[in-house]
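Trainee: I have a model open and I'd like to learn how to read it. Could you walk me through a few features?

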Amino acid sequence: MSQTKPYRVSHLDALEAESVFVMREVMAEFERPVLLFSGGKDSIVMLRLAEKAFAPARIPFPVMHVDTGHNFPEVLEYRDTRVAELGLNLVIASVQEAIDSGLVRELPDGTRNRIQTPVLLAAVEKYRFDALFGGARRDEEKARAKERMFSFRDEFGQWDPKNQRPELWSLYNGRHHPGESIRVFPLSNWTELDVWHYIAKERIALPSIYYAHDREVVERAGMFYAVNEFIVPRDGETVETRRVRYRTVGDASQTAAVLSEADTVDKVIDEVAATRITERGATRGDDKVSEAAMEDRKREGYF
């Protein structure tokens with residue numbers, strides 16, 4: 001008599017099932033959800049999860065990119081290609097248009113990450129989005145670790161870490177009044193390594209910027225910034241061609257690369273498994289303004 005093999009669910013399968021459940025729960029509770037999609041690896045994984053959650057139907061909500069205007073060309077190309085492949089409605093909330101209209105002022109240092117927030121909140125109000133899927137993970141940064149899966153935002157789009165709802169037994173409370181919204185983080189329980197293992201398992205294509213390549217960079221405050229129209233070498237800085245890759249993709253004026261020879265998914269996984277610094281800690285200059293830089297931005301409405 002043959003023995004039945006025990007049924008086992010892998011760690012990645014469990015994470016995927018949880019994220020899919022959360023996405024379906026949002027569709028059951030909310031009227032106008034949207035997925036924040038920048039062309040970065042976390043939002044790419046979220047898009048794949050959305051495909052699985054609602055297959056064989058199309059993804060039933062639009063995607064939105066809060067576009068600073070300071071983008072890596074490889075990422076924008078990927079974003080547009082992926083949106084076209086899936087036949088999605090892409091909403092672009094443009095920081096440049098907000099500057100031109102007077103909604104926000106460009107900062108003296110030329111960076112735009114901080115002024116994304118009013119642009120995001122204006123888009124939420126304009127399109128009446130009541131749930132926004134974001135790719136934040138709890139291992140990214142201390143303020144991220146304070147989030148729930150459903151993160152309540154008041155009528156001003158602001159977040160109070162001390163006023164969050166319990167999520168016992170995977171019960172998510174999406175109750176909100178008109179003008180209020182919920183940020184939803186399906187990847188909350190994932191780590192950077194989980195994301196890369198999932199990319200390998202699902203054979204998900206990524207922008208080439210995530211793999212090792214030669215690029216002209218300048219070293220600034222211990223980080224390697226690509227020389228481009230947004231990063232101009234300062235006096236005393238030397239432009240070098242180094243082999244680098246990007247662990248995270250954001251505003252090109254504030255996102256640095258890391259020295260790397262990892263030009264395949266397997267090599268990236270080995271590299272990430274050995275590192276002891278989070279991707280934001282290693283590459284995001286905007287997080288080094290102060291110890292509470294991320295939390296301050298999140299309280300203002302940042303995703």
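Mentor: Let's start with the lining of the second largest pocket, whose residues divide into 5 nonpolar, 4 polar and 7 charged. Keep in mind that this is a predicted model.

Trainee: How does anyone find a pocket, and what volume does the second largest pocket have?

Mentor: The general idea is that rolling a probe the size of a water molecule over the atoms shows where empty space is left. Here, the second largest pocket has a volume of about 260 Å³. It is lined by 16 residues, and the closest to its centre are Val 124, Glu 125, Glu 155, Gly 179 and Glu 180.

Trainee: Which elements give two or more residues to that lining?

Mentor: Those are H5 and strand S6 (181–184). H5 supplies the largest share, 3 residues.

Trainee: Let's look at H5, then. What length does it reach from its first C-alpha to its last?

Mentor: Helix H5 covers residues 116–127, 12 residues in all, and reaches 17 Å, close to the 16 Å expected at 1.5 Å a residue.

Trainee: And which residues of H5 are buried?

Mentor: Look for Gln 116, Thr 117, Val 119, Leu 120, Ala 123 and Val 124. Because they cover an arc of only 165° around the axis, they sit on the same side of H5. The face turned away from that buried side carries the exposed residues Glu 125 and Lys 126.

Trainee: What should I look for in the backbone angles?

Mentor: As a rule, most residues other than glycine have a negative phi, and most peptide bonds are trans.

Trainee: Where does Trp 169 lie, and is it buried or exposed?

Mentor: Trp 169 is in the loop between strand S5 (150–153) and S6, with a positive phi near 55°. Its relative accessibility is 74%, so it counts as exposed, the cut-off being over 50%.

Trainee: What about Arg 203?

Mentor: Arg 203 also has a positive phi, near 55°. You'll find it in the loop between helix H6 (192–202) and strand S7 (213–220), and at 76% relative accessibility it counts as exposed.

Trainee: Which residues does a cis peptide bond join?

Mentor: Ala 55 and Pro 56, with omega at about 5°. Pro 56 is in the loop between helix H2 (41–54) and strand S2 (63–67).

Definitions and conventions. Residues are numbered from 1 along each chain as its sequence is written. This is a predicted model: local features need pLDDT of at least 70, side-chain atom pairs count only at pLDDT 80 or more; totals for chains, interfaces and linings use all residues. Side-chain values use heavy atoms; hydrogens and water are left out. Helices (H or I, at least four residues) and strands (E, at least two) are DSSP runs, numbered from the N terminus. The expected span of a helix is 1.5 Å times one less than its number of residues. Buried means under 20% relative accessible area, exposed over 50%, partly exposed in between (1.4 Å probe, protein chains only). The arc is that of the directions from the helix axis to the C-beta atoms. On a 1 Å grid over the protein atoms alone, a cavity is a set of points where a 1.4 Å probe fits but cannot get out, and a pocket is an open set with protein on both sides within 12 Å along at least five of seven lines; lining residues have an atom within 4 Å of a point. Grid points are joined across faces, edges and corners, and a volume is the space filled by probe spheres set on the points. Ala, Val, Leu, Ile, Met, Phe, Trp, Tyr, Cys and Pro count as nonpolar, Asp, Glu, Lys and Arg as charged, and the others, Gly among them, as polar.
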